[in-house]
Amino acid sequence: MCAFCKSILVRTDVDLKKVGQVADLPPDASPLQINTEGVYGNRSFVVVGRIIYQYDQGGWNEWHIVFNDGSDGWLSDAQDEYMISFAKNISVLPLEKDAKLGNSYQWDGIPFTVTSRTDAHYAGVEGELPFEYWDKQDIVFVDLRSHKNDFATLDYSDETPVLYIGKAVDFDDLRLMNTRKFEGW
Amino acid sequence: MPETGPGKTIPSVSVRSLSCPNCGGTVIVRSFGQAVTVVCGGCHSILDAQDPNVQVLQKFKAAVKFEPLIPLGARGKLRGTLYEAIGYQRRQIMVEGVPYSWAEYVLFNPYKGFRYLTEYNGHWNDVAPLRTLPDATPGIWTAPVRYLGQTYKHFQTAEAQTVFVIGEFPWQVRVGEKAAVSDYVSPPRVLSSETTENKEVTWSLGEYMSGVDIWKAFSLSGQPSPPTGVYENQPSPLSATTKAIWKNCALLLIGAVLLFVLNNVISKDKIVYNNTYTFDTNDPGEHSFVTDTFELTGRAVPVKVETRASLNNNWIYINYALINEDTGQTYDFGREVSYYSGYDSDGSWSEGSPHDSVVLPSVPAGHYYLRVEPESDRGHGQISYAVTVTHDHPVAAWFLIALGLLVVPAVLTTWRSINFEHRRWQESDHASSGLSSALSAFSSGDNDD
Amino acid sequence: MIRRLYLIYGLAVLGGLGLAQFRGWTLSPVSQLMVSPKSVRDNPGSYRSVYGYYHHYTGGK
């Protein structure tokens, strides 16, 4: 039992393994790793798992994080730009073909505009994740931003899209501990 | 039950080096796998940095080989964070058939990510991509954009084309790739929007930096080349000075007004002699005479002597001498008084004035009298005239001169400031000749922190 | 730097203004200074001006 978070088991013996159609694991450059700890708002969290996605411009990591109150979320790391988001239960979401660049939607009282559409696939998984099935073909992610630091993603892995809403965060604000070391830095 | 905590030490991520599949040269990759593309320094092929087989994505022949001013691998501290220069590209726009190219540097920190430096003609900018959308007017790209409480004015929109690359990039760089770039300025900052061929728009915010600060940050040897011209978001070196000078000017003007008022209050401005005489132009004899004496007291002050003659198309010239009875010191002066008027086809007209006034400087205390000798043409009848002597009369001219002297330098600095802004906007899409554009551009001014 | 110079310059201008007003200076010299003998009081005709005499006028249509 994890003395820190009391509910989720952090399995350090599940190493990073590749999934899907990739020939090999992409180079791993994230400063985060399993067991990295940090702070968001006034809650602490620990990193328990990750998914690596790949697309034509490179890749990014979605780190699965668990807070000390038992709730979980996602810390995404795309070329060292960090975002923390949580799944939101909103009944009416646009279809994938309708979520075009520049379209606006309002969720949680925040106006969002579609800023990018990404065709990605899974490239690797590690650690504890909240779902089992991940061997998908191409997934469409629609990213939205607001005029403040808000961020939203529509995940079109399934027929019904899943909405994640969160905020862009600075590396310093996360107060990360137990990060990876880089040669020469 | 497996325990948590860092059970096994994970080794640090190491710097990779690849073998270029085109020329066999060694290519160093500094960004630990964040780079999407990397350029071979030897043959300039663009390689896929994410593919372990290091595919060649594009080959290009570098017509001119550019040397980055910040060598790749150099590290410098910006905003408290250490960054390493890992990539360099040159992009170019065409304005009225003339190509303008600038340099862009990719900076990397394994924790904080990527930052960029741009350089044009010795002007540098520290640029970071924005993760928040600025407030732009959809469809009208020349409209101002608001971001974090500041308004950015449209400066230029152009198509930027990549013409040279070396090093690593976190995107699929290709020589020849195009993007529509719009710059909005609020000196010392600039908001840039880039629209790539797939219609995605990214915003970034840049802050102006001097070459000296860049050289210091990266500990580069030698001197940076001095900047030429005025750059779009270059802060005006004059605006702060101009504000301060006008503030000082206002205080000094208040001081001048106080001195003027004080002088007017202190000055006695008292009539010490007043009399009327008649001059018979037909009388051929001696016309000179002396007045009674009058006393002037206090310090040496201006004395005003007024002559009022009743003239009608006539003239009179009066030789005056103000003589100190005790010392004999004499102020010798002459005043011409003439007045003509009439009526013709254009209406009534007049020339000259029947009233003359003159001020003598610094007349010390003492007993004085006037020696008066009038002159005119013969046969001009009787001319009566009044002579008035006023003691301690305040001279307003000095105050007006002081006003001018105080205001002129302030106006000059404002003029130089307007000129600077005019030169800035001459480079933009909104360049126009004429003072009106310079004045309207001046209002764009600076946003000082 | 320039602000300081301007302030010093401005204070000098104010000093000049105060001095000119206090000392009773005027802008243009209108008179010639000389010493007259006491005899002028009794005999104004004997006065000799510095200028010489003025016989032509400048006004008129």
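Student: Helix α2 (residues 239-266) and helix α3 (residues 397-426) of chain B pack at an angle of about 170°, their axes 9 Å apart. Why are they called roughly antiparallel?

Tutor: Angles under 35 degrees count as roughly parallel, over 145 as roughly antiparallel, 65 to 115 as roughly perpendicular and the rest as oblique. Theirs is about 170°, so α2(B) and α3(B) are roughly antiparallel. The axes are lines fitted to C-alpha atoms over the stretch in contact, and angles run from 0 to 180 degrees between N-to-C directions. Helices here are DSSP runs (H or I, at least four residues), and strands are too (E, at least two), numbered from the N terminus.

By the way, this is a predicted model: local features need pLDDT of at least 70, side-chain atom pairs 80 or more, while totals for chains, interfaces and linings use all residues. Residues count from 1 along each chain as written, with chains lettered from A and ligands numbered from 1 in written order.

Student: What makes residues of α2(B) and α3(B) part of the contact?

Tutor: C-beta atoms, placed from the backbone, within 7 Å of each other. Among those making it are B:Trp246 and B:Ala256 of α2(B), and B:Phe399 and B:Leu406 of α3(B).

Student: What classes of residue does this contact have?

Tutor: It has 14 nonpolar, six polar and no charged residues. Ala, Val, Leu, Ile, Met, Phe, Trp, Tyr, Cys and Pro count as nonpolar, Asp, Glu, Lys and Arg as charged, the others, Gly among them, as polar.

Student: Which residues does B:Leu322 touch?

Tutor: Leaving out residues up to four places away in sequence, B:Leu322 touches B:Thr330, B:Tyr331, B:Leu360, B:Tyr368 and B:Leu370.

Terms used:
Two residues are in contact if their C-beta atoms, placed from the backbone, lie within 7 Å.
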